[in-house]
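Subject: A structure for you to look at

Hi there,

Here is the structure I promised to pass on to you. Have a look at it first, and then read my notes below.

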Amino acid sequence: MATREKKFKQAAWTYFAYGVIYWLGGLYLATRGIAIGRGALWFVLGAIFIVVFPWLISRGARGTGYLWFTRVLTLLVAYRAFEVGRVALAPKFRAVPLPGGGEIPMALGAAIFFLITLATAAMLARAAWAPRS
């Protein structure tokens with residue numbers, strides 16, 4: 001069984017992977033004119049989140065502030081999963097072009113990302129509400 005500290009490390013790596021997928025996916029959609037144009041500020045903030053948030057999560061077993069950061073982030077990621085699930089059920093576009101040609105139905109892409117987001121929320125929750133040893 002994983003220790004509490006190990007759970008936070010695993011959650012941090014999971015969030016890092018989720019962040020990279022989310023960031024690159026958003027960047028790709030923006031270059032295709034599909035994502036909402038949030039500009040360079042969100043691109044830079046996204047990069048900072050990918051670096052800083054996993055570091056804060058990994059420290060969750062060490063202090064109350066880090067623990068509560070992880071708990072709040074868990075709820076925010078769960079809400080994001082809900083919103084992505086709504087897109088999967090009612091996509092705004094029929095399909096999204098793939099790099100190198102072809103396309104993927106937006107509902108399918110959103111459903112895949114919903115599962116990734118839900119898994120991230122589960123890993124965060126597993127760490128954030130792990131019993132203290």
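**How the helices pack**

The axes of H1 and helix H4 (residues 106-128) come within 8 Å of each other and cross at roughly 155 degrees. That makes H1 roughly antiparallel to H4, a label used for angles over 145 degrees. H1 passes H4 in a left-handed crossing, meaning that the near helix is turned anticlockwise from the far one by less than a right angle. Axes here are lines fitted to C-alpha atoms, for helices over the stretch in contact, and angles run from 0 to 180 degrees between N-to-C directions. Helices are DSSP runs (H or I, at least four residues), numbered from the N terminus.

H4 also packs with H3: their axes come within 8 Å and cross at roughly 160 degrees. That makes H3 roughly antiparallel to H4, and H3 passes H4 in a left-handed crossing.

Before you go further, please note that this is a predicted model, in which local features need pLDDT of at least 70 and side-chain atom pairs count only at pLDDT 80 or more, while totals for chains, interfaces and linings use all residues. Residues are numbered from 1 along each chain as its sequence is written, and side-chain values use heavy atoms, with hydrogens and water left out.

**Salt bridges**

How many salt bridges does a search of the whole structure find? There are three, a salt bridge being a side-chain nitrogen of Lys or Arg within 4 Å of a carboxyl oxygen of Asp or Glu.

One of them pairs glutamate 5 with arginine 62, whose closest N and O atoms are 3.7 Å apart. This pair links distant parts of the chain, with glutamate 5 in helix H1 and arginine 62 in the loop between H2 and H3, 57 residues apart. Glutamate 5 counts as partly exposed because its relative accessibility is 37%, and arginine 62 counts as partly exposed at 47%. The cut-offs are under 20% relative accessible area for buried, over 50% for exposed, and in between for partly exposed (1.4 Å probe, protein chains only).

Another salt bridge joins arginine 86 and glutamate 83, at 3.5 Å from N to O. Both lie in helix H3, three residues apart, about one turn of the helix. Arginine 86 is partly exposed at 47% relative accessibility, whereas glutamate 83 is buried, with a relative accessible area of 19%.

Arginine 94 and glutamate 103 also meet through their side chains, 2.8 Å from N to O. Is arginine 94 buried or exposed? With 64% relative accessibility, arginine 94 counts as exposed, while glutamate 103 is partly exposed at 44%.

**A nonpolar patch**

Helix H1 (4-31) and helix H2 (39-58) each supply at least two residues of the patch, and the largest share, seven residues, comes from H2. Phenylalanine 49 lies in helix H2 and is partly exposed, at 31% relative accessibility.

**One buried arginine**

Finally, find arginine 71 in helix H3 (residues 64-89). Arginine 71 is buried, with a relative accessible area of 15%.

Enjoy exploring!

Notes
Parallel < 35°, antiparallel > 145°, perpendicular 65-115°, else oblique.
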